[in-house]
Amino acid sequence: MSLASVSRMEAKLLLPTYERQPILFVRGRGVYLWDSQGKRYLDFLSGIGVNALGHNHPAVQSAIKRQAGRLIHVSNLFFHEYQAELAQMLTQISGLDRAFFCNSGTEAWEGALKLARAFAQKNNTNGCKPKTRILAMENSFHGRTFGALATTGQPKYRAPFVPLLPGVTFVKFNDLDDLQRKFDSSVCAVCIETIQGEGGICPVDREFLELASRLTKQSGALLMLDEIQSGLGRTGRHFAYQHYDVLPDVVTVAKPLACGLPLGAILTTERVASCMHPGMHGTTFGGGPLACAVAIEFLREEKKLLKHVRSLGEYFHAALEALDRKHKSIQDVRGIGLMQAVDLDSPELAKAVAKELLQEGIIINRTHETVLRFLAPYIIQKKHVDQLVKALDAALHKHSESGNKRTDKSTKKKRLASAHGEEIHAHA
Ligand SMILES: Cc1ncc(COP(=O)(O)O)c(C=O)c1O
């Protein structure tokens with residue numbers, strides 16, 4: 001089917017939830033995708049952080065072929081060979097004890113919210129009112145289901161669907177006083193994306209995360225980190241919180257876990273897991289043998305690629321900072337590993353640059369209006385970074401009204417030295 005007929009049919013038959021680019025992709029290999037006209041695209045988005053091993057990776061291909069020929073689904077009423085092994089790998093790399101498997105990011109986050117409420121109820125032994133309040137962050141994104149929406153700190157996502165889950169209070173991201181003011185003994189969980197993704201690649205400040213950890217520990221609430229976008233190698237560590245000295249009570253992951261097959265996970269401690277019993281939570285599809293077999297292969301590859309992600313990330317970040325010095329329209333460069341962003345001075349410019357790159361055969365994405373987001377596959381090489389940076393430089397020259405000589409920037413940058421000596425770049 002041609003692009004024209006597919007888009008005509010979709011316009012008539014699908015809920016109008018997406019504004020797709022007019023491209024029909026038909027195949028992929030490594031860091032490249034090809035459209036129905038045979039045009040090749042360099043993929044700096046990875047299906048929004050999913051195709052971390054690129055397209056058609058041989059280990060993924062053979063795991064899918066092997067497992068599809070043996071067993072695809074059995075339900076969670078029975079055992080299969082892979083959930084335990086996958087849980088072992090995830091608990092080993094996270095420092096947590098137990099896993100629950102589901103199908104998507106938002107579903108993992110819903111389960112995490114349920115854990116927080118159930119844990120608080122179970123531990124409410126002194127006759128007081130159970131802790132039920134949830135603190136979530138402004139500018140955050142946790143997904144599209146009701147609990148996830150209720151904790152997503154961007155009104156545009158929530159507004160059409162109110163009323164949402166009650167008991168959520170939003171805290172200004174990285175504002176120590178606001179967190180301190182809003183936290184009390186009625187809070188059952190503090191919810192943080194270690195690096196806000198949809199919100200424009202904004203890392204949590206070390207002091208803020210440490211305060212959240214301290215407050216939750218002291219009062220018996222849970223620190224819940226959403227690493228659906230930042231986790232599983234994206235930042236050059238297994239988890240972004242491993243750049244800090246904090247171990248959360250609950251972590252959610254999804255996107256790259258099964259390389260494009262739907263799979264998410266909640267990871268937590270033994271103590272928190274003990275509040276669950278059979279029947280309290282579940283899923284028909286989650287953690288099926290096909291997705292789990294692929295995820296095991298993914299984690300084997302991810303481990304080998306962490307160093308590469310760190311060094312390519314540093315190379316990429318430095319190249320973006322060089323562009324920052326050259327272009328007045330760049331307000332900020334943020335990110336760590338292969339989770340990088342350039343914040344421009346207008347939504348129109350960001351839109352024009354993303355469109356120009358697409359015409360040049362490079363896929364990136366615009367988030368938070370002015371932010372160009374780069375979530376490249378972990379297998380990219382320097383030459384791909386060079387190609388992107390050169391095209392970005394040209395597109396900024398072409399579309400910036402403000403010219404290319406850097407003057408004063410309105411946004412100041414703050415650098416956070418991590419425990420491992422890397423730097424995490426955040427808005428001041
Ligand atoms: C941090 C974060 N949490 C949750 C989600 C929701 O994941 P999904 O789209 O798989 O439901 C996303 C998706 O972009 C995300 O980036």
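Predicted model: local features only at pLDDT ≥ 70, side-chain atom pairs only at ≥ 80, totals over all residues.
Me: How many residues does the largest nonpolar core have?

Reply: A nonpolar core is a set of buried Ala, Val, Leu, Ile, Met, Phe, Trp, Tyr and Cys residues joined through side-chain atoms within 4.5 Å. Buried means under 20% relative accessible area, exposed over 50%, and partly exposed in between (1.4 Å probe, protein chains only). Leu-372 is among the residues with the most contacts inside the largest core, and the number of residues in that core is 88.

Me: Which helix gives this core its largest share?

Reply: Helices are DSSP runs (H or I, at least four residues), numbered from the N terminus. The largest share is 15 residues, and it comes from helix 11 (residues 289–326).

Me: How many salt bridges are counted?

Reply: A salt bridge is a side-chain nitrogen of Lys or Arg within 4 Å of a carboxyl oxygen of Asp or Glu. One of them joins Arg-66 and Glu-297, at 3.7 Å from N to O. By this rule, the count is 17.

Me: How far apart in sequence are the parts that Arg-66 and Glu-297 tie together?

Reply: Arg-66 is partly exposed, at 43% relative accessible area, whereas Glu-297 is buried, at 14%. Arg-66 sits in helix 3 (residues 58–68) and Glu-297 in helix 11, so the parts tied together are apart in sequence by 231 residues.

Me: Is Lys-304 buried or exposed?

Reply: Lys-304 makes a salt bridge with Glu-301, at 3.1 Å from N to O. The two are three residues apart in helix 11, so about one helical turn separates them. Glu-301 has 15% relative accessibility and counts as buried. Lys-304, at 59%, counts as exposed.

Me: What is the relative accessible area of Asp-332?

Reply: Asp-332 forms a salt bridge with Arg-334, their closest N and O atoms being 3.1 Å apart. Arg-334 is buried, with a relative accessible area of 1%. Asp-332 is buried too, and its value is 0%.

Note on methods. Residues numbered from 1 in each chain as written. Heavy atoms only, no water.
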